[in-house]
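Here's a quick briefing for anyone opening this structure for the first time. Take a look at the sequence and the fold, then read on.

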Amino acid sequence: MEKNTVNLKMFLSRQSKHYHPGDVVSGECVLRLSDHVKLRCISIEFQGESWTYWEETALYTLSHKNAEIYFHKKTTLFGSPDKKKNQTVCLPAGRHAFQFNFKIPPFSLPSSFESEYGYVRYWLKARIQRPWKLDEVTKEMLNVLSVVDVNCPRLLLPSFGEAQKSLNYLYDGTASQLRLTAVTDRNAYCPKERIILTTDIKNLPLTETYQSTVFLVQTISFKSRCGKSRIERCQRKIAERPSLAWTMDELEVPDVPPTMKSCGILTISYHIKVVVESHFTVIRHNAENGLN
């Protein structure tokens with residue numbers, strides 16, 4: 001006797017799986033049956049959530065974790081979800097399509113994000129409930145991107161960073177301060193936009209060759225239920241050149257996850273770091289500018 005195959009798939013009406021808060025997610029669940037089947041209901045749920053988890057090992061292993069749920073929506077596409085009534089419906093063999101649509105809440109939501117110690121995820125899960133059978137489940141991940149108005153007045157202001165380091169010599173043998181100032185033209189950028197970075201170095205000795213390197217630094221903070229935090233930093237080199245007393249650079253923003261401030265257990269921030277160093281003397285000097 002041939003086994004009855006139950007094949008459940010989900011198809012979104014939008015070819016791209018990229019959405020923003022306030023968008024409508026619509027599509028259909030398609031059920032293909034090789035023979036008739038009895039089922040209780042077909043349901044679909046839509047959820048946005050974040051999760052953090054890491055372990056610390058000393059004399060023993062201590063686990064840190066936390067979770068947030070931003071929304072959870074569920075609807076029945078066919079049948080009745082009430083198990084107490086024990087009602088079943090018979091579907092004939094063939095193809096059966098069930099439409100669905102959900103609206104993503106229009107309030108501020110964190111963007112989708114994946115890392116080793118945490119994530120922010122948005123997913124759709126369709127389920128077939130059958131009496132005395134395991135549920136058939138299919139799941140679809142969505143990419144939700146929070147909306148940031150990079151043209152708001154606060155984010156259009158320049159960002160300023162300054163640092164200084166004592167040098168043990170000048171031309172007359174006296175000590176002086178190597179002073180580095182770095183200014184970006186504004187506070188917020190989108191990927192592929194250009195950062196206009198102005199650097200000014202005071203008291204730069206001309207007796208040695210100095211190198212300036214510019215990094216984009218990503219800082220991710222993960223929080224646990226007990227208040228413990230884990231900080232991960234990753235820096236990407238975006239420019240390198242000989243140091244000049246004054247210079248202006250145009251630097252392209254790489255494709256990175258956006259700044260995240262609306263998640264209570266996971267935050268992402270960025271800053272520009274400028275490093276001035278010499279290969280002949282042990283001088284390392286940096287200035288940092290925060291970015292959104």
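**Salt bridges**

Glu232 is partly exposed, with a relative accessible area of 28% (buried means under 20%, exposed over 50%, and partly exposed in between, using a 1.4 Å probe and protein chains only). Its side chain meets that of Arg230 in a salt bridge, at 2.8 Å from N to O. A salt bridge here is a side-chain nitrogen of Lys or Arg within 4 Å of a carboxyl oxygen of Asp or Glu.

Before going further: this is a predicted model, where local features need pLDDT of at least 70 and side-chain atom pairs count only at pLDDT 80 or more, while totals for chains, interfaces and linings use all residues. Residues are numbered from 1 along each chain as its sequence is written, and side-chain values use heavy atoms, with hydrogens and water left out.

- Arg230, the partner of Glu232, is partly exposed too, at 23% relative accessible area.
- The count comes to 16 salt bridges.
- Glu162 and Arg179 make another one, at 2.5 Å from N to O. Glu162 sits in strand β12 (residues 159-167) and Arg179 in strand β13, so the pair ties together parts that are 17 residues apart in sequence. Strands are DSSP runs of E, at least two residues long, numbered from the N terminus.
- Glu162 is partly exposed at 42%, and so is Arg179 at 38%.
- Arg121 pairs with Glu114, the closest N and O atoms being 2.7 Å apart. Both are partly exposed: Arg121 has a relative accessible area of 27% and Glu114 one of 48%.
- Glu45, Arg127 and Asp135 are linked in a network of salt bridges.

**Strands and sheets**

- Two strands pair if DSSP finds at least two bridges between them.
- β1 and β3 (residues 24-33) share 7 bridges, and the bridge partner of Lys9 in β3 is Val30.
- Elsewhere, β15 (residues 210-223) and β16 (residues 229-242) pair in the antiparallel sense over 13 bridges. Gln218 has Cys234 as its bridge partner in β16.
- β15 and β16 form a hairpin with 5 residues between them, and Gly227 in the turn has a positive phi of about 95 degrees.

**Loops with a positive phi**

- Most residues other than glycine have a negative phi.
- Trp132 has a positive phi of about 60 degrees although it isn't a glycine. You'll find Trp132 in the loop between β10 (118-129) and β11 (136-144), where it is exposed at 88%.
- Lys192 also has a positive phi, near 80 degrees. Lys192 is in the loop between β13 (176-184) and β14 (194-202) and is exposed at 54%.

**A buried leucine**

- Where does Leu266 lie? It is in strand β18 (residues 266-278), and at 0% relative accessibility it counts as buried.
- Not counting residues up to four places away in sequence, Leu266 touches several residues, including Thr52, Phe113, Ile220 and Met260 (contact means heavy atoms within 4.5 Å).
- The C-alpha atoms of Leu266 and Ser224 are 9.4 Å apart, with the two residues 42 apart along the chain.

Definitions and conventions:
Helix = DSSP H or I, 4+ residues; strand = E, 2+ residues; numbered from the N terminus.
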